[in-house]
Amino acid sequence: MILKEKDLMTIDEIKNVILEIIRDIDDEADFTNLDPSEALRDQLDLDSMDFLDIVMELRKRYQIQIPEADYPQLATLDSCVNYLLPRLEAA
Amino acid sequence: MRKYPLLIIGGGLSGLAAGIRFARFGQKVIILEKHSKLGGLNSYYHRKGKLLETGLHAVTNFAPPEDKHAPLNRLLRQLKIPRRNLILQEQYTSEILFPDRASLCFSNDFALLKKQVQKYFPDSAEHFSKMVTKLDQYDPFIPRPKISARQFVSSFLPDSLLVEMLFCPLMFYGSSEENDMDLSQFVILFRAIYQEGFFRPAGTIGDLLDLLLQQYKNFGGEIKLATGVTEILTENNRVSGVRTASGEIIHCSNLISTAGFPETKKFFAAADAASKFSNSFEDTISGRLSFVESIYFLDKEACQHLPKDRTIIFYNLSDTFSYRRPDEAVDLSSGVICFPDNFQEKVKEDSIQLRITHLANYDAWNNFYNDSDKTLYPAMKTLWVERSKKVVAKIIGNYSENIVYEDSFTPVTIERYTSRTQGAVYGSPEKIKDGKTNFENLFIAGTDQGYLGIVGSMLSGVTMVNQHILNKI
């Protein structure tokens with residue numbers, strides 16, 4: 001079997017990673033009616049302190065540096081995918 | 001050379017919380033604690049096989065699990081401690097008692113206090129509601145010039161007795177200022193005590209500290225007990241590390257001091273570094289408020305006659321409630337009477353506890369302690385404890401005959417074990433709200449950052465790490 005040099009994660013994989021991280025922050029988070037184009041914070045009742053956890057967890061798991069100026073790009077599930085797609089390599 | 005991304009001075013609740021927060025994301029961090037035990041102002045000691053708590057009477061900021069934005073729940077999420085792993089016991093009812101004048105009860109249901117105000121101060125009820133609406137809209141964490149809380153409250157409430165009664169528990173549970181407090185501090189305390197309320201985690205403060213230490217260590221955090229810092233080392237606008245009492249130098253990229261603001265100033269050996277840290281003299285920024293506290297273990301007979309449904313009674317006997325350093329060694333005209341067993345679902349032990357706290361004068365106790373006659377200090381302790389018993393007996397009934405064990409501590413004891421100058425448990429009246437100092441990688445957390453209480457001090461540690469360090473690494 002030939003491995004591709006750098007497999008990037010798929011859109012669904014990235015979504016799952018984000019949801020898994022949120023589940024880890026708040027194990028009662030309810031994803032059933034989550035709109036991927038709406039702000040995660042408002043829908044899931046998260047605050048800015050929780051939000052920092054998403055950034056730090058991505059850094060810890062994937063060694064990806066997200067500068068503070070880019071935090072707004074992680075506001076919705078869709079924008080997370082757009083931002084992370086070129087940056088996250090498949091495990 | 002050892003260099004830590006973060007070094008924390010102080011293994012109290014704010015230092016532990018800051019450490020957990022930083023270690024959680026795989027970062028190296030070390031906590032240095034001067035005392036041989038953790039906890040700082042909320043710690044414990046053993047006498048005659050009993051564990052005696054210092055500080056903790058009750059934890060403020062109770063919130064139900066579903067209130068995700070409440071400080072308690074935010075804190076637990078940040079520390080990654082699942083709420084269901086804790087057993088939280090709520091208070092019964094607490095009381096503000098000005099004997100022969102008025103009494104107000106409050107619980108973890110704010111409606112009770114509102115009803116009490118309506119019942120006993122009907123002319124003020126509407127004004128009180130208006131004030132609460134105003135307080136609800138106030139953000140106490142924005143840095144801004146000091147506003148007198150007394151003036152603010154008095155501008156809403158025409159009845160000065162009600163004003164004093166409302167201030168009484170808030171001052172006893174967190175004011176570093178004499179007879180007044182900054183409006184921001186008032187808002188924090190009003191919410192924490194009246195709108196949220198009191199609880200205790202099951203077990204003792206020792207169990208809570210064990211849980212926090214375990215979490216810190218699970219994340220890889222390092223800690224050194226009995227390791228006092230003697231000097232903060234600087235290079236231009238930055239701190240580079242610390243020197244410990246044993247002479248060891250530990251380097252760090254960031255430093256959080258939970259020792260207190262005036263206490264941190266003392267760590268700068270060079271005069272220019274010290275004045276750069278703060279131009280104020282230590283004695284003008286040191287808190288003046290300290291306490292004596294007696295801890296009693298009473299036999300079960302005491303349950304027959306002591307109040308069963310009161311968790312804490314805040315009393316005042318004088319015409320005007322004054323919260324300031326008393327002229328005498330102790331001010332018995334006011335105090336806090338705490339029944340640590342009167343919490344819901346608390347398992348009853350063989351003996352019940354009673355804790356009595358009064359305002360005290362640090363200088364007086366320090367003079368007794370340093371007197372060439374070494375019998376003076378213990379004799380003064382005994383004298384004031386006996387006087388306290390007589391005063392408190394008039395409020396809750398006599399308990400002297402039920403005492404199986406008792407111990408007391410004074411401002412001198414507090415200073416010795418917590419390194420808080422003059423035993424000032426609520427720290428300096430000057431709060432550093434954003435935690436920043438004139439050294440760009442040195443931050444202040446804990447009481448002197450302006451968050452109050454056990455939940456507050458832990459949130460302070462968490463917030464300083466979030467705002468100044470985690471997002472920069």
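This is a predicted model: local features need pLDDT of at least 70, side-chain atom pairs count only at pLDDT 80 or more; totals for chains, interfaces and linings use all residues.
**Entry 1. The contact between the chains**

Chain A supplies eleven residues to the contact and chain B supplies ten residues. On the chain A side, helix H3 (residues 48–62) of chain A gives the largest share, namely six residues. I then sorted the chain A side by class and found seven charged residues, four nonpolar and no polar ones. For the model I noted an ipTM of 0.84 and a pTM of 0.93.

**Entry 2. Chain A**

I looked up the secondary structure of chain A and found four helices and zero strands. Along the sequence the pattern reads α-α-α-α. The radius of gyration of chain A is 13 Å, close to the 12 Å that the globule rule gives for 91 residues, so chain A is as compact as a globular protein of that length. Along the principal axes, its C-alpha atoms fill a box of roughly 45 × 30 × 20 Å. I recorded 20% of the 91 residues in chain A as buried. For contacts in chain A between residues at least 6 apart in sequence, I noted that 63% join residues at least 24 apart.

**Entry 3. Chain B as a whole**

For chain B I recorded 16 helices and 18 strands. Its radius of gyration is 22 Å, close to the 23 Å that the globule rule gives for 473 residues, so chain B is as compact as a globular protein of that length. The box filled by the C-alpha atoms of chain B, taken along the principal axes, is roughly 65 × 55 × 45 Å. Of its 473 residues, 50% count as buried. I also looked at contacts in chain B with a separation of 6 or more, and residues 24 or more positions apart account for 73% of them. I checked the confidence as well: chain B averages a pLDDT of 94, and 99% of its residues score at least 70.

**Entry 4. Helix H1 of chain B**

I asked how many of the eleven residues of helix H1 (residues 13–23) of chain B are buried. Eleven of the eleven are, so the helix is largely enclosed by the rest of the structure. Among these buried residues I noted Ala18(B), Arg21(B) and Phe22(B). I then looked for what covers them. The cover includes strand S1 (3–9), strand S2 (29–32) and strand S12 (249–257) of chain B. Helix H2 (71–79), helix H8 (205–218) and helix H16 (453–469) of chain B are also included in that cover.

**Entry 5. The largest nonpolar core**

I turned to the largest nonpolar core, which has 150 residues. Which of its residues touch the most other members? I found Ala18(B), Leu189(B) and Phe314(B). Helix H7 (residues 183–196) of chain B gives the most to this core, with nine residues.

**Entry 6. Strand S6 of chain B and its partners**

Strand S6 (residues 93–98) of chain B is mostly covered, with five of its six residues buried. I traced its pairing with strand S14 (residues 310–316) of chain B, which is parallel and has four bridges. There Ile96(B) stands opposite Phe314(B), and Phe314(B) was already noted in the core. I also traced strand S7 (residues 102–106) of chain B, which runs antiparallel to S6(B) and is joined to it by five bridges. In that pairing Ser94(B) has Phe106(B) as its bridge partner. The hairpin of S6(B) and S7(B) has three residues between the strands, and in it Asp100(B) takes a positive phi near 65°.

**Entry 7. Gln91(B)**

I located Gln91(B) in the loop between strand S5 (88–90) and S6 of chain B. Is this residue buried or exposed? I found 22 C-beta neighbours inside 10 Å, and because the cut-off for a buried residue is 20 or more, Gln91(B) counts as buried. Leaving out residues up to four places away in sequence, Gln91(B) touches residues including Ala58(B), Ser107(B), Asn108(B), Phe198(B), Thr311(B) and Phe343(B). Gly197(B) is also on that list. Gln91(B) and Gly197(B) lie 106 residues apart in sequence, yet their C-alpha atoms are 7.8 Å apart in space.

Notes:
Residues are numbered from 1 along each chain as its sequence is written. Chains are lettered from A and ligands numbered from 1 in the order in which they are written. A residue is buried if 20 or more other C-beta atoms lie within 10 Å of its own, exposed if 12 or fewer, and partly exposed in between; C-beta atoms are placed from the backbone. Helices (H or I, at least four residues) and strands (E, at least two) are DSSP runs, numbered from the N terminus. Two strands pair if DSSP finds at least two bridges between them. Two residues are in contact if their C-beta atoms, placed from the backbone, lie within 7 Å. Ala, Val, Leu, Ile, Met, Phe, Trp, Tyr, Cys and Pro count as nonpolar, Asp, Glu, Lys and Arg as charged, and the others, Gly among them, as polar. The radius of gyration is taken over C-alpha atoms; the globule rule is 2.2 Å times the number of residues to the power 0.38. pLDDT is the predictor's confidence in each residue, from 0 to 100. A nonpolar core is a set of buried Ala, Val, Leu, Ile, Met, Phe, Trp, Tyr and Cys residues joined through C-beta atoms within 7 Å.
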